[in-house]
Each structure stands twice: as C-alpha cells, then as structure tokens.
Amino acid sequence: MKKDLPLCLNLIQNCQNDSNACKKAEEMCNKGQIMPYSNTGYLTQTRRVGGFKPNRLTHGNFLGLNPYDFREQCRHPPLCYDFSDVKDFLSQHHVRKALGVRKNWQTCNFTVNKMFTIDKMRGFQWTIPPLLANGTRVLIYAGDVDFICN
C-alpha cells in the first residue's frame, strides 16, 4: 500500500483537471489501496479448480476486516452488514407506495456506483463554503474507525 500510494495520489491530482484520468486513478488506487485491505480476510470451505485459494472472494465466504469498522470482521459479505430487515421493510408495497417508489430497494446498485467513477476521485471540498454561506443546513459525517467512506 505504501509503495503504491505516491502513484495513486499523483493520478488523483491529474483527475482534478482531466476527467479522462479519473478512471485510471480509480482503478490504480483501488488496486493499490483498497484491494490489500479487502484481502485481510480468509476463506472457509471454498472450493475452486486446483484447490483452495486464500484471499479471494468467490462464494461469499470472505471474512476479512470490515471496511466501515476495522475493529470487526466482515460478517455479511459483500457489504458487511445484514440489510435483510431494511430490504423487507422497503420492499413492502404500501411502503413503496407511500414513498412514491416503483423499483425494489437494493443495498448496493453497482450500475449507479460505476456512474460516480469520475466524481469519486475528485475533490469537492470547495463546494462546502458556498452552501454554508447561503444557509444550507449540512451534516458532515466522518468516522474514526472506518477504512472507506461512501
């Protein structure tokens, strides 16, 4: 991670002024910074051709560190938390109708996530002062035990 950090930071800097550089920044930073963290876990009873392969997410048996709270293991891959109660509640017809929602709720929509490729690597801190100046109420959330922030 330390070895790859300078390249990651350089690519992120390039992305600030060149949207074409953002995809490469995301790919390289994910590979060098996020993947090593993700590979802190191990597999249990996962069979692959050629035998067992540690540190690969294949059949949902990954038990690595939770990126949202590094004090814990990831107990419910891939997002580490059990969202079944939320999904059950938000999937009820009367709840969807009350919220004016036609689609079923998903814990993570990777199609939408991919649309943020450019934004993920850009700094937006300059947008905060004008919001505060015009009286917009904001909540700034930052954890002290997370590895990744969404």
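Reply: Let us begin with one cysteine: Cys 80 counts as buried, because its relative accessibility is 4%, where buried means under 20% relative accessible area, exposed over 50% and partly exposed in between, with a 1.4 Å probe and protein chains only. This is a predicted model, in which local features need pLDDT of at least 70, side-chain atom pairs count only at pLDDT 80 or more, and totals for chains, interfaces and linings use all residues. Residues are numbered from 1 along each chain as its sequence is written, and side-chain values use heavy atoms, with hydrogens and water left out.

Me: Which cysteine forms a disulfide with Cys 80?

Reply: A disulfide is a pair of cysteine sulfur atoms within 2.5 Å. Here the partner is Cys 74, with the sulfur atoms 2.3 Å apart. Cys 74 is buried as well, at 3% relative accessibility. The torsion about this S-S bond is about -105°, so the disulfide is left-handed.

Me: How many disulfides does the rule give, and what is the pairing?

Reply: The count is 3. With the bonded cysteines numbered in sequence order, the pairing reads 1-4, 2-3, 5-6. Cys 8 is joined to Cys 29, S to S 2.0 Å. That pair links distant parts of the chain, 21 residues apart, with Cys 8 in helix α1 and Cys 29 in helix α2; helices (H or I, at least four residues) and strands (E, at least two) are DSSP runs numbered from the N terminus. The torsion between Cys 8 and Cys 29 is about 115°, so their disulfide is right-handed. Cys 15 and Cys 22 are also bonded, at 1.9 Å between sulfurs, and a torsion of about 90° makes that disulfide right-handed.

Me: Which residues make up the largest nonpolar core?

Reply: In soluble globular proteins, nonpolar side chains tend to be buried together. A nonpolar core is a set of buried Ala, Val, Leu, Ile, Met, Phe, Trp, Tyr and Cys residues joined through side-chain atoms within 4.5 Å. The largest one has 5 residues: Leu 11, Cys 15, Cys 22, Ala 25 and Met 121.

Me: Where is the kink in helix α2 centred?

Reply: The bend at a residue is the angle between axes fitted to the seven residues ending there and the seven starting there. In α2 (residues 22-38) there is a kink of about 40°, centred on Asn 30. Buried residues of this helix include Glu 26, Gly 32 and Tyr 37.
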